[in-house]
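Here are some friendly notes to read alongside the model.

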Amino acid sequence: MRSFSSIGAALLPLATAVAAVELKVNDEASLKAAISQYANGLMSYYSANASGLPAEEVGYIPKPHYWWESGAMWGAMVEYTNVVGDESYVKTIQQGLTANYGPEKNFILDYKRDQTGNDDQAFWCLATMSAAEYGFPEPEDAPASYLEVSKNCFNNIVSRWDESSCGGGLKWQIYPENDYGYNYKNSISNGATFALGARLARFTGNQTYADWAEKIYDWEKTVGLIGENFEVFDGTDDKTNCNEVADKTEWTYNNAMMIHGSAFMASYTKDDKWTQRTEGFLSRAAIFFENPKQVKDVMYEVCEHSAGGKNCNLDQQSFKAYLGRWMAKTALLVPSTKDQITKYLTTSASAAAKSCTGESGACGSRWYQEFDGETGVGQQMSALEVTQACLLIQQGTLPNTGAEPSEPEPKPSSSAAPKSSSTAAPESSYVPKSSEAPKSSEAPKSSEAPKSSEAPKFTEAPKSSEAPKSTEAPKSSDAPKSEDAPESSKAPKSSEAIPPASEASAGYPTGAPVANATSSQSDTASVPTDIPQLSYSGGVYAPIETPAPTSTPTSKPGGQFGEVQNSTAKACTCTGKKTTTIYVNPPTEATPPAAPPAPPASNSTPTVIPTSALPPSPPPPANSSGVEMFPGAASNVKMGVSTMFAAAGLAVLAALL
């Protein structure tokens, strides 16, 4: 009798574990408490920092999760540290990022070949870019700074700009043996690189990055990946010369890349066309808030109610996280979007909190209904990101810029130069926490940039659906070999022969894509040694950064940090590390790059996904083996309300005995 009573009593605490998160979206303390709970839940899935682990196993959540998602997770945790001010996970984040640096101080790792696409690397790069923007603490033994790694990443990715088909564009996969996506040019690979270029342009003041961002955007528009109504379709097939859009699925994270990349370009260039594009992508994003239950303004992913009862796969379960994160930055950079974005995010955060009723407060997938029993890394990260996005907007913290007072003012891609005298504080007085962003009611220009005295905080992070994201990408060892793919056994190099002087634009970083570039700089200005150089191969120019300072690379960190889950830690007061300044030498005979040639005419008319129902799962790219969508992360159903009934039943039985 006593034993039955004890069992009943033991089950009762489990019943209380399913209470929804108490969240008041307009209360900072309530937001921080919920955000900390979500962050602690997310980090409970991570154990790759234990003592004795091989270097190749440190810093990421292992399969069945794909490698890119861990890069997205570290981006989310950089955001968390910045927004909440909790330093509990700083060392873990530092270790997770640096353990995945490659020999060339980017994120190209030979032992990750089967999981390395252009988009995969880009998600890791966006995490280090955020760390640079918010002055996240630099590891003392790191072989390169966050900014250096971000620049190396960008240069590595654009070295693969492919004009052998479709007039340009980036392939999804890097290695030919990954032939399930080697002939697929998709929005996430190109969009993530576009966004990274826009952010590097704003942070460094180097026009080369902005020119690349413009070039990528124009190409996506030309081949139809960006539709007339700012749809962002998943991808196209280069084996048909991008004749038509191969997969017209619209995912939240593709929109997220384009909306925040456009917002950064608006902030950097002060060109109204980028403000209008940002507003256009926001208008289109409305389809992601028209969920199946018609719960107003609650975010959802299109696969959450797919035909046949299948759920989102592991990749897709995290996509909402990135729309939340980058909508918040968009709201601050382009204030005309702030009111609508705030409405979307606060409503979605409130709904997400009600879905976090799994074991230990685990969050479900569908925020527009009661807890659905599907929990995991993606669900936890999505709840975290949409909620801390609300707090970021309330705090008004803009990403920092790294230009120094002596750096010449860059010339934007448009004819209008940014009228800004913004300079960063010297290293000795750098303040990670910035003052507020301009309020929408105060800013006549929606692309208003922060004043130099408003040194922003320290933050930011998120991948291509592993196959047109409707299917799990097969391992490289399982994928059939492509007959038309060039042979390759090593990672592509970004150091091909520099073209002769006759092929390069005089006075400009060798081979840089020039987009209506002009310069207000004096022709006699000195040229620093750290201007990015470019390689030339097959008519394709691609930047190559000067190697990082000659420091001895350290071994990948390991060890157990034993992090504390502390939601009340003091605000982070660490100082951002001074970054390398990049100058642009004035072009004297720069020739604008030829516009991407239009793809062959097609009789097909782009269609828009109905907002009321998900279309049939799109076919995988050419020469892909069809792989069924992952059924969801929660294979073990968590105890919920049934626990309370079980506890009550045992209690009655105990009383009868």
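1. **Ground rules.** This is a predicted model, in which local features need pLDDT of at least 70, side-chain atom pairs count only at pLDDT 80 or more, and totals for chains, interfaces and linings use all residues. Residues are numbered from 1 along each chain as its sequence is written, and side-chain values use heavy atoms, with hydrogens and water left out. Helices (H or I, at least four residues) and strands (E, at least two) are DSSP runs numbered from the N terminus.

2. **The core.** A nonpolar core here is a set of buried Ala, Val, Leu, Ile, Met, Phe, Trp, Tyr and Cys residues joined through side-chain atoms within 4.5 Å. Buried means under 20% relative accessible area, exposed over 50%, and partly exposed in between (1.4 Å probe, protein chains only). The largest such core has 132 residues, and Met77, Tyr322 and Leu345 have the most contacts inside it. Helix α3 (residues 67-84) gives this core its largest share, 11 residues. Contact means heavy atoms within 4.5 Å. Neighbours within four places in sequence aside, Met77 is in contact with Ala39, Leu42, Met43, Tyr89, Ile93 and Leu384.

3. **Aromatic pairs.** Rings of Phe, Tyr and Trp (its six-membered ring) pair if their centres lie within 6.5 Å; planes under 30 degrees apart count as stacked, over 60 as edge-to-face and the rest as tilted. By this rule there are 26 aromatic pairs. Tyr46 and Trp74 make an edge-to-face pair, at 4.9 Å centre to centre and with 85° between the planes. This pair links distant parts of the chain, with Tyr46 in the loop between α2 (28-43) and α3, and Trp74 in helix α3, 28 residues apart. Tyr46 and Trp74 are both buried.

4. Why is the pair of Phe154 and Tyr209 edge-to-face? The planes of these two rings are at 80° and their centres 5.3 Å apart, so the pair falls in that class. Phe154 is buried at a relative accessible area of 0%, and Tyr209 is buried at 2%. Please also look at the cluster that ring pairs make from Trp68, Phe123, Trp251, Tyr253, Phe319, Tyr322 and Trp326.

5. **Helix α13.** Two residues of this helix deserve a look. Ser382 lies in α13 (residues 377-395) and is buried, with a relative accessible area of 1%. A polar atom of the Ser382 side chain is 2.9 Å from the backbone oxygen of Gly378. Beyond four places in sequence, Ser382 touches Gln317, Ser318, Lys320, Ala321 and Trp367. Thr387, also in helix α13, is buried at 0%. Its contacts, again leaving out residues up to four places away, are Leu23, Leu31, Ile35, Tyr38 and Ala349. The C-alpha atoms of Thr387 and Tyr38 are 9.1 Å apart, although 349 residues separate them along the chain.

6. **A buried glutamate.** Which side chain of opposite charge is nearest to Glu231? It is Arg284, 4.7 Å away, and the buried Glu231 has no salt bridge (a side-chain nitrogen of Lys or Arg within 4 Å of a carboxyl oxygen of Asp or Glu). Glu231 is in the loop between α8 (207-223) and β2 (235-237). A polar atom of its side chain lies 3.3 Å from the backbone nitrogen of Glu228.

7. **The loop between α2 and α3.** Tyr45 belongs to this loop and is partly exposed, at 32% relative accessibility. The Tyr45 side chain has a polar atom 3.5 Å from the backbone nitrogen of Gly376. Pro64 is in this loop too, and a cis peptide bond joins Lys63 and Pro64, with omega about 20°.

8. **Positive phi.** Phe230 has phi near 65°, a positive value in a residue other than glycine, and is partly exposed at 24%. Gln294, not a glycine either, has a positive phi of about 55° and is exposed at 58%.

Notes
Lys and Arg count as positive and Asp and Glu as negative; His and the chain ends are not counted. A polar contact is a pair of N or O atoms within 3.5 Å; within protein, one must be able to donate a hydrogen and the other to accept it, and residues adjacent in sequence count only if both atoms are side-chain atoms.
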